[in-house]
Amino acid sequence: MSADPHYQATEEAHTGPIKNPKQLLLAVFFSFIAPILIIVGLVSYVVSGTKPAGIAEGDSMSLYGVTKEARDREVAERLKKVGAIEIRDANRPLAAGEVVFKAQCVACHGAPGIPGAPHFQDAAAWGPRIGQGYATLLEHALKGKGAMPPQGGGDFEDLEVGRAVVYMANAGGAKFPVPDRPAAAAAAPAEGASGAAPAASAAAK
């Protein structure tokens, strides 16, 4: 090796920071083995069940202001089947038009109601609609028209919705007859005829 200072400086500039085997082992350890040990430790911490929980749980305690009963109801609602079957008594008495109106129509057609909807007992607003006839009004009520959503298929039968239509239209000046089930409508004349027969026989005597 030359004793030239310039040569020594050039040689040192081309050598790395590792000058002996001990430094090499330390460099390998901190470059490869230490990161692997850190990763293994993090993985074991994540999969272990001893870490502190991030949520509060309990049988009867409130979680974020929601009780267990409310959470159970929400879960049951989400898991509920999409379709449902409701069995109704076909022979039950029909709801009166006023009852259906107060339950299903008053929010829009009552007072104050919504703009554009014919309000109850407003003859000026109901006049042109009454001129369209009961069948057209019933179709609009059941299937919807414009901003009014369909009213059929809800808690009331189509015939009961028709009774509400008659109730509102008659309050606005119409003279529509109150619809009834065909069997009930046919039974009324039959009862009248059966009642007239004994009266006629009694008169003949």
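The model is predicted, so to speak of local features requires pLDDT of at least 70 and side-chain atom pairs count only at pLDDT 80 or more, while totals for chains, interfaces and linings use all residues. Residues are numbered from 1 along each chain as its sequence is written, and side-chain values use heavy atoms, with hydrogens and water left out.

Turning to the overall fold, the chain holds eight helices and zero strands, where helices are DSSP runs of H or I with at least four residues, strands are runs of E with at least two, and both are numbered from the N terminus. The order along the sequence is α-α-α-α-α-α-α-α. Of the 205 residues in the chain, 19% are buried. Among contacts (heavy atoms within 4.5 Å) between residues at least 6 apart in sequence, 46% join residues at least 24 apart.

For context, most residues other than glycine have a negative phi, and most peptide bonds are trans.

The largest pocket comes next. On a 1 Å grid over the protein atoms alone, a pocket is an open set of points with protein on both sides within 12 Å along at least five of seven lines, and lining residues have an atom within 4 Å of a point. The largest pocket has a volume of about 530 Å³, taken as the space filled by probe spheres set on points joined across faces, edges and corners. Its lining counts 24 residues, and His109, Pro118, Arg129, Lys145 and Met148 lie nearest the centre. Two or more lining residues come from each of α4 (97-109), α5 (123-130), α6 (134-143) and α7. By class, the lining has 16 nonpolar, six polar and two charged residues, with Ala, Val, Leu, Ile, Met, Phe, Trp, Tyr, Cys and Pro taken as nonpolar, Asp, Glu, Lys and Arg as charged, and the others, Gly among them, as polar.

A search of the whole structure for disulfides, meaning cysteine sulfur atoms within 2.5 Å, finds zero. Cysteine 105 is in no disulfide, and the nearest cysteine sulfur, in cysteine 108, is 8.4 Å away. Cysteine 105 is buried at 12% relative accessible area, whereas cysteine 108 is partly exposed at 31%.

Finally, arginine 181 lies in the loop between α7 (158-171) and α8 (182-204) and is buried, with a relative accessible area of 19%.

Note on methods. Buried < 20%, exposed > 50% of the residue type's maximum accessible area, 1.4 Å probe, protein only. 1 Å grid on protein atoms, 1.4 Å probe; cavity = no way out; pocket = protein on both sides within 12 Å on 5 of 7 lines; lining within 4 Å.
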